[in-house]
Amino acid sequence: MNAEEVATLAFFHLRGTKMLSNRNVDCFIAGYKACNDVLVHKFADFLQREGEYYLTEYADKRREACGYSGQPLTRKHREEFVAAEQLGSLLKKAAELIKKHNILN
């Protein structure tokens, strides 16, 4: 969407409220662009970072949280850690495919 289309969208959502001003519409446009950049143009980078997190950090942080709460680690936790690693691999693979085939750009 270009800025004019986003402004129209902002107007549609704010019409009839006390919040409709040029400044509010400009803020709406800035927020929309920031979200759109992450969800579209930088989505592969986001997926890559999330994949890395689930592969390298998730299990340690979860173990630490269980330790602080006094919850013993069980077989269910180990299954969760395996699933997190699988998720991390899938997220990284999705990021690679998005970048390789120039999807969402």
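Biologist: How many aromatic pairs does the count come to here?

Modeller: The count comes to 4 aromatic pairs, taking rings whose centres lie within 6.5 Å. One of them joins tyrosine 53 and tyrosine 58, with 6.3 Å from centre to centre and 80 degrees between the planes. Keep in mind that this is a predicted model.

Biologist: Which label does the pair of tyrosine 53 and tyrosine 58 get, and why?

Modeller: Edge-to-face, because the planes are 80 degrees apart and the label takes anything over 60. In general, a pair of aromatic rings is described by the distance of the centres and the angle of the planes.

Biologist: And what about tyrosine 54 and tyrosine 58?

Modeller: Tyrosine 54 and tyrosine 58 pair up too, at 5.3 Å centre to centre, and with 35 degrees between the planes the pair is tilted. Put together, Tyr53, Tyr54 and Tyr58 make one aromatic cluster.

Biologist: Is tyrosine 58 buried or exposed?

Modeller: Tyrosine 58 has a relative accessible area of 18%, so it's buried, the limit being under 20%. Tyrosine 53, at 25%, is partly exposed, and tyrosine 54 is partly exposed as well, at 21%.

Biologist: Switching topic: how many salt bridges are there?

Modeller: The count comes to 6 salt bridges. One of them is between glutamate 52 and lysine 92, whose closest N and O atoms sit 2.6 Å apart. That pair links distant parts of the chain, 40 residues apart: glutamate 52 is in helix α3 (residues 43-56) and lysine 92 is in helix α5 (residues 75-100).

Biologist: How accessible is glutamate 52?

Modeller: Glutamate 52 has 30% relative accessibility, so it counts as partly exposed.

Biologist: Which residue does arginine 62 form a salt bridge with?

Modeller: Glutamate 80, and the closest N and O atoms are 2.7 Å apart. This pair also links distant parts of the chain, with arginine 62 in helix α4 (residues 58-69) and glutamate 80 in helix α5, 18 residues apart. Arginine 62 is partly exposed at 27% relative accessibility, and glutamate 80 is partly exposed at 22%.

Biologist: What about glutamate 79 and arginine 75, how far apart are they in the helix?

Modeller: They're 4 residues apart, about one turn of the helix, and both lie in α5. Arginine 75 counts as exposed because its relative accessibility is 60% and the cut-off is over 50%. Glutamate 79, at 45%, counts as partly exposed.

Biologist: α5 keeps coming up. What span should its 26 residues have?

Modeller: At 1.5 Å a residue, the 26 residues of α5 should span 38 Å. The end C-alpha atoms of α5 are 38 Å apart, so that agrees.

Biologist: Which residues of α5 are buried?

Modeller: That would be His77, Phe81, Ala84, Gly88, Leu91, Ala95 and Ile98. The buried residues of α5 pack against α3 and α4.

Biologist: Tell me about histidine 77. What is it in contact with?

Modeller: If you leave aside its neighbours within four places in sequence, histidine 77 is in contact with Arg62, Cys66, Gln71 and Pro72. At 6% relative accessibility, histidine 77 counts as buried.

Biologist: What follows α5?

Modeller: Asparagine 102 follows α5, and its phi is positive, near 55 degrees.

Biologist: Last topic, the surface. Which residues form a nonpolar patch?

Modeller: Val38, Leu39 and Phe46 form one on the surface, and together they have about 250 Å² of accessible area. Leucine 39 is found in helix α2 (residues 22-41).

Biologist: Leucine 39, buried or exposed?

Modeller: Leucine 39 counts as exposed, since its relative accessibility is 55% and exposed means over 50%.

Note on methods:
Residues are numbered from 1 along each chain as its sequence is written. This is a predicted model: local features need pLDDT of at least 70, side-chain atom pairs count only at pLDDT 80 or more; totals for chains, interfaces and linings use all residues. Side-chain values use heavy atoms; hydrogens and water are left out. A salt bridge is a side-chain nitrogen of Lys or Arg within 4 Å of a carboxyl oxygen of Asp or Glu. Helices (H or I, at least four residues) and strands (E, at least two) are DSSP runs, numbered from the N terminus. Buried means under 20% relative accessible area, exposed over 50%, partly exposed in between (1.4 Å probe, protein chains only). Patches are made of residues with over 30% relative accessible area and no salt bridge: like charges are joined within 9 Å, nonpolar side chains (Val, Leu, Ile, Met, Phe, Trp, Tyr) within 5 Å. Accessible areas come from the Shrake-Rupley method with a 1.4 Å probe; for residues, only the protein chains shown count as cover. The expected span of a helix is 1.5 Å times one less than its number of residues. Contact means heavy atoms within 4.5 Å. Rings of Phe, Tyr and Trp (its six-membered ring) pair if their centres lie within 6.5 Å; planes under 30 degrees apart count as stacked, over 60 as edge-to-face and the rest as tilted.
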